Each structure stands twice: as C-alpha cells, then as structure tokens.
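Hi everyone, thanks for having me. Today I would like to walk you through one protein chain, so please have the sequence and the structure open as I talk.

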Amino acid sequence: MLVNVLLLLLGLAMVVFGADFLVDGASSVARRFGLSEFIIGLTIVGMGTSAPEMVVSFIGAAQGNPDISLGNVVGSNVFNTLLILGTTALLLPMAITPENRKKDIPMNIIITVLLVGLGLERTLFGFGTDGLSRLDGFILVAVFALYMWHSFRTSKTEQPNPEESTPERKLWVSILLILGGLAGLIAGGNLFVNSATAIAHAIGVSDKFIAITILAGGTSMPELATCIAAAVKKKGQLALGNIIGSNIFNILLILGGSALITPLSFDGISYIDLGALILSAMALLASCYVGKKNKLDRMDGILFLLLFVAYMTYLIIKL
C-alpha cells in the first residue's frame, strides 16, 4: 500500500510539472509564429493531451473490442467539458472571443451531432446501420483534416491576447518543453491511474466503480492538469482551445481512425450517454449568451459541475 501511495504522489507530480512545461512551451511557440494561443491549444496541446485516449481507443479497436474505443471517447468528452472546463472556470473565468462563438464552439456541436447521426443512421433515418462503418470513419478523418487546415489558415489573421504574454525562448527549447511536458503528462497520468486502481482494489472498491471513476477520468487527466496550469498562468484561451481541440480530435481522428481499423457498434452506448455528450457541447454554447455574455464565468463553472455530478450519479445508480 505504501509503495502505491508513493507512486501515486510521483505520478501526480509528473502530471503537474508536465502540464506546466507544456503550457509554457506551447505559449512560446504561439508567440514566435504569430499564432493565437487558442489555435495552439486547439491543435498541438489538444491533440497531445488526447494521446491517452488515442492509444486506448486504437488498441481496443485493433483487439476487436470497439466498446472500449467508443465508450472511452464519449466519457472523455463529457469529462472534458463538464468537469475540466467547469473546474477551470471556477479558477479563471475565461473570455469567449467572437471567433470562438461563431466558429469553434458551433463546430464542436456540429461534429458531436455528426457523430450521433452517423452512429444512429438506421434508428434516425431508416437506412444504413447503427454504428460507425469504415466509410463513416473515412468521413470523420476527412473532416478532421479539413478543419485543421482551415484553423491554421485562418489563424494567421488572429491577434494574440496582449494580456497573455510569454517569455521569448529559442524554438528548440520550446519544442523540448512541449515534448517533455507531454511525456510527463502521459507517463505521470498512467502511473497515477495504475496506483489509484491498486489502492482502490486494496480497500475493496468494486471494479465497475473504478472503471467509471478512476479509469474514465484518468485518460482526461492531461487535459485537466493542462487547463489548471493554463488558468494559473491566466491563459484562458489556451485552456478553452485545449478542451475544444481535444473533443474534436477525439471524435474525428480517434473514433474515425478506430472505425477504419474495425467498424464500431453503438450497442454499448445508451441514449443517456449520447444525450450527455450533446448536452455538454450545447452547455458550452449557452455560456456565450447567459450570465456574463461572451464569458465562461464561475456560475457557468458551477452549472457544468452540477451537470457532471448528475451524470456520474446516473452512472453509479446504473451499476
């Protein structure tokens, strides 16, 4: 038990320092190339912190266990928006730019609805199959490529927030910070999850409860640590970009790539799970227009966390 506790603390320390390095390196790259920190969060940081989901989903698909791929992404996106953005908003209310409101947040909703539409073709439209075929996977991956191309193309005209200054660093130092930060996040997250699971087993917690808490949240730990580090450094746009980018990456590239490996069935996903996924995306859009407009404030954060608690309560009762 003592060894597992020490490993748990070591994993947590690696995650904290990894997140700090990643935020500093990514912000430095954004400044050097004239890209907004939101775009860096959407792409480099968002894709990097989604690496655990990608590994879990691709391995699950390759081993013929598609429920792992789909359940991992659905759970992770709900965690990302409701728990992580909710927690981050409590620490640092985040401004939502006109570009976020008009393009990025609606795109997150469109991609989420696209996933549900492709996955429930027979139920909703009376043709095809319920699940993601290889053709569906190709469509998702193609949309991902187009979205990334458009994001980098339009980011050239965006102006970084003058309040979010970052020390100037040599490019190779920034790249090392990013790579080292990602390595610390992933390795530390795995160490934390494995140690926490061992401790939970030792005190008699059930496997199902571990699965929907420690394991489901564990793959989202890099996003959580990165967003909290960004909030502490007052880089709200990087935190928001990280979550939106991670959600889009999870659906388009991870599920699209998994479906190319093997078709994914929706049999293991309930309508409540899909409803929670869509609701989390819609809640982010609603935050643009209620309360303090164009700002994800602390009241929004509280609402997100309450929705997350409600969903987790449903999952626990369902056990």
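One thing to keep in mind from the start: what you see is a predicted model. The protein chain has 13 helices and 4 strands. It has 319 residues, and 51% of them count as buried. Now look at contacts between residues at least 6 apart in sequence: 82% of these join residues at least 24 apart.

Let's go inside. In soluble globular proteins, nonpolar side chains tend to be buried together. Here, the largest nonpolar core holds 70 residues. Which of its members touch the most others? They are Leu85, Leu132, Leu240, Ile244, Leu284 and Leu296. Helix H11 gives the most to this core, with 12 residues.

If we set aside its neighbours within four places in sequence, Leu240 is in contact with Phe38, Leu85, Met94, Ala95, Ile96, Asn100 and Leu284. Two of those names, Leu85 and Leu284, were also on the list of core residues that touch the most other members.

Helix H12 covers residues 271–286 and helix H13 covers residues 298–318. How do they pack? Their axes are 11 Å apart, at an angle of about 175 degrees. An angle over 145 degrees counts as roughly antiparallel, and therefore H12 and H13 are roughly antiparallel to each other. On the H12 side, the contact is made by Ile272, Asp273, Ala276, Leu279, Ala283 and Leu284. On the H13 side, you'll find Phe304, Leu307, Tyr311, Tyr314, Leu315 and Lys318. Sorted by class, this contact has 10 nonpolar residues, 2 charged ones and no polar ones.

Next, the charged side chains. How many salt bridges are there? The count comes to 3.

One of them pairs Lys233 with Asp24, at 3.2 Å from N to O. Lys233 lies in the loop between helix H10 and helix H11, while Asp24 is in helix H1, so the pair ties together parts that are 209 residues apart in sequence. Are these two partners buried or exposed? Lys233 has 30% relative accessibility and counts as partly exposed, whereas Asp24, at 16%, counts as buried.

For the others, please move to helix H5, residues 98–119. Glu99 forms a salt bridge with Lys103, with the closest N and O atoms 3.4 Å apart. Because these two are 4 residues apart in that helix, about one helical turn separates them. Lys103 also meets Asp104 in a salt bridge, at 3.9 Å from N to O. Through shared partners, Glu99, Lys103 and Asp104 are joined into one network.

My last stop is the loop between H10 and H11, where we find Lys234. Most residues other than glycine have a negative phi. Lys234 is not a glycine, yet its phi is positive, at about 60 degrees. Lys234 is also exposed, with a relative accessible area of 58%.

Note on methods. Residues are numbered from 1 along each chain as its sequence is written. This is a predicted model: local features need pLDDT of at least 70, side-chain atom pairs count only at pLDDT 80 or more; totals for chains, interfaces and linings use all residues. Side-chain values use heavy atoms; hydrogens and water are left out. Axes are lines fitted to C-alpha atoms, for helices over the stretch in contact, and angles run from 0 to 180 degrees between N-to-C directions. Angles under 35 degrees count as roughly parallel, over 145 as roughly antiparallel, 65 to 115 as roughly perpendicular and the rest as oblique. Contact means heavy atoms within 4.5 Å. Ala, Val, Leu, Ile, Met, Phe, Trp, Tyr, Cys and Pro count as nonpolar, Asp, Glu, Lys and Arg as charged, and the others, Gly among them, as polar. A salt bridge is a side-chain nitrogen of Lys or Arg within 4 Å of a carboxyl oxygen of Asp or Glu. Buried means under 20% relative accessible area, exposed over 50%, partly exposed in between (1.4 Å probe, protein chains only). A nonpolar core is a set of buried Ala, Val, Leu, Ile, Met, Phe, Trp, Tyr and Cys residues joined through side-chain atoms within 4.5 Å.
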